[in-house]
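I opened this entry to record what I looked up in the structure shown below.

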Amino acid sequence: MLEIKNLHARIVDDGTEIIRGLNLTVKAGEVAAIMGPNGSGKSTLSYILAGREDYEVTEGDILYNDQSILEMDPAERATAGIFLAFQYPMEIPGVATMEFLKVAMNEQRKARGEEPLKVPEFLKRVKEAAALLNMDMNMLKRPLNVGFSGGEKKRAEILQMKLLEPKLCVLDETDSGLDIDALKIVADGVNALRSPERAIVVITHYQRLLEHIVPDSVHVLYKGQVIKSGDKSLALDLETNGYAGVIGEAA
Amino acid sequence: MPAVQETIDRVRKIDVDQYKYGFQTEIEMDKAPKGLSEDIIRLISEKKGEPDWMLEWRLGAFRRWLTLEEPTWARVRYPKIDFQDIHYYAAPKSTPGPTSLSEVDPELLKVYEKLGIPLKEQEILAGVQKTEESELEEANDNVYKSGRVAVDAVFDSVSVVTTFKKELAQAGVIFCSISEAIREHPELVQKYLGSVVPTTDNFYATLNSAVFTDGSFVFVPKGVRCPMELSTYFRINEKNTGQFERTLIIAEEGAYVSYLEGCTAPQRDENQLHAAVVELIALDDAEIKYSTVQNWYPGDAEGKGGVYNFVTKRGDCRGDRSKISWTQVETGSAITWKYPSCILRGDDSSGEFYSIAVSNGYQQVDSGTKMIHLGQNTSSRIISKGIAAGFSQNTYRGQVSAHRKAANARNFTNCDSLLIGDQCGAHTVPYMEAKNSTAQFEHEATTSKISEDQKFYVMQRGIPEEEAIALIVNGFVKDVIQQLPMEFAVEAQKLIGISLEGSVG
């Protein structure tokens, strides 16, 4: 489903190269964890997948369902089924969460040539998804992410992910700022989305999240490259021995 | 909310730089020759069948105007206006004074149809159905009630049709063109005209007093709550024609009225002049809500053409516990010079000003309000949202003053500016003056830019760039949109979306 080939990318503003020859393949149905120390390029990778303009791909390619997505803007990628759960979701003042959900869902439907959702159907879906994430419907009347706690923001991200039904989910440090109860709710929400048609990329700094979202593969990112790949036991190794060992091996 | 979706749909249908209301209509016109003189004023007065006192009033204003100089303090730049190169009177030939829709030139009706103005009463009667969407809309704090609107339509210099007259008359409400009011209700006009904005007030108001051609008149008698929204649509059609409308609204003791004006003009290379005066008078316990959706032609992408909009609007809270509320959505005009104000004369009176000013292309907006606290325990509230895009300049200019006797005067001012792109400017110029030590004034101001982070986030959910901006902007102006009569809130949101068309990239 996702194939990243020899990707090189830099920051447009100052030319700093962040991704330096990254290779990664994630199949449909797979949950892949990307781990790595701070500054290894994890968040940058998520932004580049989603099409952020601050980064420029200088070499290599990103294939999504065998098609290059490099020429697509963020909205087109989203419509094609790529979803990014942000580490720091943005506040959108004056736009009720509910309203935002409706616009986003209907925009995507429109791009696919489908009719907008009828209101009762929309409400039904939102209510169901919110209940699963233990979210109060009153919260959805508030402007998106404005004044939300860290946990509420992350839950709102997963709610959007659930409702937009993406094919490729990228979760950027979704565990940061969550207490254990919230972490569990969010992880359950993600696990409920696991399916043979969907790939999930979990970017995380710690093993903790992977106890709840058990990955099929684990990849260690360092200086803009995947330096080691393995199964879930690799994450446990890292937890015990730190990144130093893996980095030493690669060097 | 459906409105956002509609904004998006509407924006999509329009080519860049295409002003939707830019068509012009070939209608046989009765026009005064160009230029301004006592003879022209006599001609206007005669065409209108005005009594002598009205003519004298006009001539007095004209003589005063000859001694005045154009003000230059606003942050707007434009070439000098040649006041002798303008027609001061233009009327569709088939009127004077249609009494029903069937007597109106069908070409004219077509114009209003294109503008989407619901002149046909049956359409208005249909109202808006409350549907299953209500639950969602409640979630968005935006429940649309069904409602009816009485409309007065002004084409260049004359009012062509006023709807719902009979029903309003039954309630005792007078809603007609100002020309008709001068003929039919001279005692009311004489008593109130110029009592808020005197003929000596300022350059443009004085000019308007001399040459005003039409406008609306509303009188709501004691204790009456006007049974429907009142609305006037103004349109400048003729070339080189100035539009000088005059509106006078009086709410007697305990009366209530909500009034909305809308404006459009054809797309022309020359600049058109619009100088209106609006006077509101609220007696004891009366309330007037005045909303404007101003969409005069803003000029093309290079800044050529567009309407010069120099407007004096002022409300007088003459009675105790009276209230006047101004809401404006300003998206049009090349130059906007406009400060709807409140004189808080009565004790416990209150004034409000809610404004959204959107500027794009080379538009220049200098707008704001004045809150003059004279009575005791008076309060005022100012919420201004300026949105600048393209190469435009957007200035909020406001004055809040408490006079010596205005004990416990209170004001809250909030001015937010939003910049789209890096070629535009936003400016805030607040004046505050308290001559009474018990006055409490608060002022908040912010300027922000739609951040790339926000835009990226919204787009990542599958919302294309222009729609993403429209969504963020609609969120930004929500506080003010909520102040508009329900029927027009959706319209205003669409308009803002259209105005920002092409502001991206």
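**Entry 1: the chain contact.** I counted 27 residues from chain B and 32 residues from chain A in the contact. The model is a predicted one.

**Entry 2: a helix pair in chain A.** I turned to helix α5 (residues 150-164) of chain A and helix α6 (residues 180-191) of chain A, which pack at an angle of about 10 degrees with their axes 10 Å apart. Because angles under 35 degrees count as roughly parallel, α5(A) and α6(A) are roughly parallel to each other. From α5(A), the residues G151(A), K154(A), R155(A), I158(A) and K162(A) meet A182(A), I185(A), V186(A), G189(A) and V190(A) of α6(A). I noted five nonpolar, two polar and three charged residues in this contact of α5(A) with α6(A).

**Entry 3: α5(A) itself.** I checked the length of the helix: at 1.5 Å a residue, the 15 residues of α5(A) should span 21 Å, and the end C-alpha atoms are 21 Å apart, which agrees. Which residues of α5(A) are buried? I found K154(A), R155(A), A156(A), E157(A), I158(A), L159(A), Q160(A), M161(A), K162(A) and L163(A). These buried residues pack against β6 (82-85), α3 (97-111), α4 (119-132), β7 (168-172) and α6 of chain A. Just after α5(A), I recorded a positive phi of about 45 degrees at E165(A).

Terms used
Residues are numbered from 1 along each chain as its sequence is written. Chains are lettered from A and ligands numbered from 1 in the order in which they are written. This is a predicted model: local features need pLDDT of at least 70, side-chain atom pairs count only at pLDDT 80 or more; totals for chains, interfaces and linings use all residues. Two residues are in contact if their C-beta atoms, placed from the backbone, lie within 7 Å. Axes are lines fitted to C-alpha atoms, for helices over the stretch in contact, and angles run from 0 to 180 degrees between N-to-C directions. Helices (H or I, at least four residues) and strands (E, at least two) are DSSP runs, numbered from the N terminus. Angles under 35 degrees count as roughly parallel, over 145 as roughly antiparallel, 65 to 115 as roughly perpendicular and the rest as oblique. Ala, Val, Leu, Ile, Met, Phe, Trp, Tyr, Cys and Pro count as nonpolar, Asp, Glu, Lys and Arg as charged, and the others, Gly among them, as polar. The expected span of a helix is 1.5 Å times one less than its number of residues. A residue is buried if 20 or more other C-beta atoms lie within 10 Å of its own, exposed if 12 or fewer, and partly exposed in between; C-beta atoms are placed from the backbone.
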